[in-house]
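Me: I would like to learn how to read a few features of a protein model. Could you take me through them one at a time?

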Protein chains: 2
Amino acid sequence: MNADTGVRPCSIARSMEVLGQRWSLLVLRELLFENHRFDAIVKATGAPRDILATRLRTLEANGLVERRRYQDRPPRFAYHLTARGWDTAEVLLSLMAFGDRHLSDERPVTWQHGQPDHPHPLDPVLTCRTCGEPATEGLHEPTGPGAPR
Amino acid sequence: MNADTGVRPCSIARSMEVLGQRWSLLVLRELLFENHRFDAIVKATGAPRDILATRLRTLEANGLVERRRYQDRPPRFAYHLTARGWDTAEVLLSLMAFGDRHLSDERPVTWQHGQPDHPHPLDPVLTCRTCGEPATEGLHEPTGPGAPR
DNA sequence: TCCCATGAGTTGGAGTTTCCAACTCGAACG
DNA sequence: CGTTCGAGTTGGAAACTCCAACTCATGGGA
């Protein structure tokens, strides 16, 4: 706990400060889909143009997104994921898997996975790198400064 | 794409409607930490009491959370995760892993994983259930109604 | 008996964000 | 000359969030 406020110090809360504003994760989804242009992102997400502009600035300031000039006159820009931005893919795929399991009858998007010549549909599960078992099975009370009690 | 609006039909977007409001994921984190009481959740998250009340109603309406009367006079209630609510653990752990990797020097919470008598620290990675490889390596253009282009 | 504490909220009003439609700016196209 | 493209800005209204204070029922202590 945070000594004076009682608020738990937490990586989830820190992530949410960057990713938790409205439209941020859908913007990252579009960039993952190789949709790099402002207008295309507006169309595919439905985000208001002004909000999208400020979200892209925030994502850039946090090093998740890079703004690249792809043409000089008139100046035109496109947005690309940085390595850190790519690293949000796990979060996005987990959200997708949750939505697929509980919020949708059909599966609107199926990612392909594996060698380019032998792809199969991606079926994402969070596992433990140490033992290889699913993370949510055999999960116990955490320890550390942000832990309960 | 959604025929008339151009907005992509998407499980990520659907998940965000339920999980994406401010404080929702931190509330689920507390319930995962076995923090079931209203006042305790207020303290640990820092959420305003009125917002917490409406978030709990929304989570309950979406079947992620169950409101249980644990005392009759005066009536007192506690909140518990449903099976569907537990299923957000992958999203929370992915967010935690992202925050640990990029937003924090130390690791404020370490979950324990495995058999209760032989636990080890959980190190979460999203993998493909089909081939066992990390989901973000060898990820290709998706297919389906919500896919790009 | 009176006063305070506990726990799960609700209320009113101020402050902050988000939304929306319309506008800009420079260059190319017809 | 008028239109289109693409990446934004702008102003004002609507919605959401925050905060402090209040409620309501009961139990405990002086």
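Me: How do β3 (residues 110-113) of chain B and β4(B) pair?
Reply: In general, strands of a sheet pair through backbone hydrogen bonds, either parallel or antiparallel. In this predicted model, β3(B) and β4(B) are antiparallel and joined over two bridges. One bridge in β4(B) links H113(B) with H120(B). Strands here are DSSP runs of E with at least two residues, helices are runs of H or I with at least four, and both are numbered from the N terminus; two strands pair if DSSP finds at least two bridges between them.

Me: Before we go on, what are the ground rules for residue numbers and confidence?
Reply: Residues are numbered from 1 along each chain as its sequence is written, and chains are lettered from A and ligands numbered from 1 in the order in which they are written. As the model is predicted, local features need pLDDT of at least 70, side-chain atom pairs count only at pLDDT 80 or more, and totals for chains, interfaces and linings use all residues, while side-chain values use heavy atoms, leaving out hydrogens and water.

Me: Which strands make up the open sheet that holds β3(B) and β4(B)?
Reply: Its order is β6(A)-β3(B)-β4(B), with antiparallel pairing. At the edges are β6 (139-143) of chain A and β4 (120-121) of chain B, each pairing on one side only.

Me: And what is the order of the open sheet with β3(A) in it?
Reply: That sheet runs β4(A)-β3(A)-β6(B), and its pairing is antiparallel. β4 (120-121) of chain A and β6 (139-143) of chain B each have a single partner strand, so one side of each is left without a neighbour in the sheet. Within it, β3 (residues 110-113) of chain A meets β4(A) over two bridges, and Q112(A) has P121(A) as its bridge partner.

Me: At what angle do α3(A) and α4(A) cross?
Reply: Two packed helices are described by the angle between their axes and the distance between the axes. For α3 (residues 38-45) and α4 (residues 49-61) of chain A, the axes come within 10 Å and cross at roughly 115°. Axes are lines fitted to C-alpha atoms, for helices over the stretch in contact, with angles from 0 to 180 degrees between N-to-C directions. α3(A) supplies F38(A), D39(A), I41(A) and V42(A) to the contact, and α4(A) supplies R49(A), L52(A), A53(A) and L56(A); contact means heavy atoms within 4.5 Å.

Me: How many cavities of 30 Å³ or more does the search find?
Reply: The idea is a 1 Å grid over the protein atoms alone, where a cavity is a set of points that a 1.4 Å probe fits but cannot get out of, and lining residues have an atom within 4 Å of a point. Points are joined across faces, edges and corners, and the volume is the space filled by probe spheres set on them. The search of the whole structure finds two. The largest has a volume of about 90 Å³, and I12(A), R29(B), F33(B), M96(B) and W111(B) are the closest to its centre among 13 lining residues. α6(B) gives the most to this lining, with four residues.

Me: Where is P74(A) found?
Reply: P74(A) is in the loop between β1 (65-71) and β2 (76-81) of chain A. The peptide bond from R73(A) to P74(A) is cis, with omega near -5°.

Definitions and conventions:
1 Å grid on protein atoms, 1.4 Å probe; cavity = no way out; pocket = protein on both sides within 12 Å on 5 of 7 lines; lining within 4 Å.
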